[in-house]
Amino acid sequence: MGGGVVNQEAGPTALRSSPVPVRGRIGQLRDRASGRHSPLRRLDWTLQLCVIGLSVVGALLVWSATRQRLGEAGADPQTFLKRHLLNLAIGLVLGAIATVVDYRVLRAYAPFVYLGSLVGLVAVLLFGSTINGAHSWIVLPAGFQLQPSEFAKVALVVGAAMLLGEQHEDRQTGIRRSAPGHGDVLLVLGLTVVPIALIMLQPDFGTVMVLVFTTLGMLAVSGAPRRWVLGLILCGVLFGSAILQFHLLQPYQEARLTSFVSENKASSGTGYNVAQAMIAIANGGVTGRGLLHGQQTQGQFVPEQQTDFVFSVAGEELGYLGAGGIIVLLGVVLWRALSIGFASQDSFGALIATGVVCWFTFQSFVNVGMCLGIMPVTGLPLPFLSYGGSSMFANMIAVGLLQNVRLRSRSDPYAL
């Protein structure tokens, strides 16, 4: 009886003094998030902050490149800025999902990811729209467009890593085995040829080159026989020469590939675009003309300056220092991706990181080189900066995969 009375009297006081259950759960989540072994603490924040920084700079460049034209047309000058930020937000969510799902479990779903990308490539051939000479987009409501070939890059990285990584270790014992053999290389080549053939039908030669370069890089790192890698490089050179020699491309595609070495490139259509981009970068000088104040940019002299030639906007309005800073940030992203690959506990994770590095490296080099007149015009966007939802989504998923590998790897020897 006495004990019951005491409990009844003390009950209200105890309820008032004890923490609210919801607050307690929030506190537990906060402690887990900030604890020593919290997944948030083990993320590569250098990589993540560089990616977000590049994306924000890209939003400003896209805004500057499009506001004048939209204003003159009577549209909302912030349309592209809002869409770019929306793409960034969706991309971060997709990247978070790619981070949470254990990449070692993803290995079992790699065939479905690959088949899904092929379905998208077939769908664009059947129901897609032609923009700038390429039948590469599926037009969605509200003015949005989907480019399945961007997601094919993710599918190829995951699929090739599954095939090549499977040969490096025994699932039961964890003992490392020999490098991929001839049969494994043939499987990877077959995996690559199918999306390449579908993308060539669009046609999108730039994305094809990304897939080829990514596959070669992953084969080289996987330890595949050198004669395969060297032979594939030789075949690529011969195939490219044959394409130009026998005029197997559309005239506008051939002009894009050859304009940067043409003596009168400034007078040709594609060469004119490159020439104007080079003028814009030269006008920026060391410190730039200031955001929204570039004469070439605001005068709309450079076509597609929110996508293919966004680096010219950076060169003119942010100057050599700003454009150089963008290159440095891209370099840090590649460095962090490489360090994640080195620290991976299995070859599957290391090959995922390798594929992403090859993808980002090739695409960044070609895009920047295109604006500087040293690479052909291929229509490849600059990762994280160029406008485009599909490109942003694929890039963020790739970053999420890198973070995924990082979370489940040993300590990073190259961490800051």
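**Salt bridges first**

Author: R104 is partly exposed, with a relative accessible area of 39%; buried means under 20%, exposed over 50% and partly exposed in between, using a 1.4 Å probe and protein chains only. Before we go on, this is a predicted model, where local features need pLDDT of at least 70, side-chain atom pairs count only at pLDDT 80 or more, and totals for chains, interfaces and linings use all residues. Residues are numbered from 1 along each chain as its sequence is written, and side-chain values use heavy atoms, with hydrogens and water left out.

Reader: OK, which side chain meets R104 in a salt bridge?

Author: That's D102, at 2.9 Å from N to O. A salt bridge here is a side-chain nitrogen of Lys or Arg within 4 Å of a carboxyl oxygen of Asp or Glu. D102 counts as buried because its relative accessibility is 19%.

Reader: What else does D102 form a salt bridge with?

Author: R408, with the closest N and O atoms 3.4 Å apart. That pair links distant parts of the chain, 306 residues apart: D102 is in the loop between helix 5 and helix 6, and R408 is in the segment after helix 17 (389–407). Helices are DSSP runs of H or I with at least four residues, numbered from the N terminus. Taken together, D102, R104 and R408 are linked in a network of salt bridges.

Reader: How many salt bridges does the count come to?

Author: Six. Another one of them joins the side chains of R336 and D44, at 2.8 Å from N to O. R336 sits in helix 15 (residues 319–343) and D44 in the loop between helix 3 (39–42) and helix 4 (45–72), so this pair ties together parts 292 residues apart in sequence.

Reader: Are those two buried or exposed?

Author: R336 is buried, with a relative accessible area of 1%. D44 counts as buried too, at 3% relative accessibility.

Reader: And which ring does R336 lie over?

Author: The face of W335, at 4.6 Å from the ring centre. The rule is that NZ of Lys or CZ of Arg must be within 6 Å of the ring centre and within 35 degrees of the ring normal. R67 lies over the face of W63 as well, 5.9 Å from the ring centre.

Reader: Switching to aromatics. How many pairs?

Author: The count comes to six aromatic pairs. One of them is Y109 with F112, which is tilted, with 6.4 Å centre to centre and 50° between the planes. For a pair, ring centres of Phe, Tyr or Trp (its six-membered ring) lie within 6.5 Å; planes under 30 degrees apart are stacked, over 60 edge-to-face, and the rest tilted.

Reader: Why are Y109 and F112 separated by about one helical turn?

Author: Because they are three residues apart in helix 6 (residues 103–127). An α-helix has 3.6 residues a turn, so residues three or four places apart point the same way. Y109 counts as partly exposed at 48% relative accessibility, and F112 as exposed at 59%.

Reader: Now helix 9. How far apart are its end C-alpha atoms?

Author: They are 26 Å apart, which agrees with the 26 Å that its 18 residues (205–222) should span at 1.5 Å a residue. The expected span is 1.5 Å times one less than the number of residues. Of those 18 residues, 13 are buried, so helix 9 is largely enclosed by the rest of the structure.

Reader: What flanks helix 9?

Author: It is followed by G223, whose phi is positive, near 90°. P203 is in the loop between helix 8 (182–200) and helix 9, and a cis peptide bond joins Q202 to P203, with omega about -10°.

Reader: Which residues other than glycine have a positive phi?

Author: L292 is one, with phi of about 75°, in the loop between helix 12 (269–284) and helix 13 (295–298). Q300 is another, with phi near 60°, in the loop between helix 13 and helix 14 (310–317).

Conventions: Helix = DSSP H or I, 4+ residues; strand = E, 2+ residues; numbered from the N terminus.
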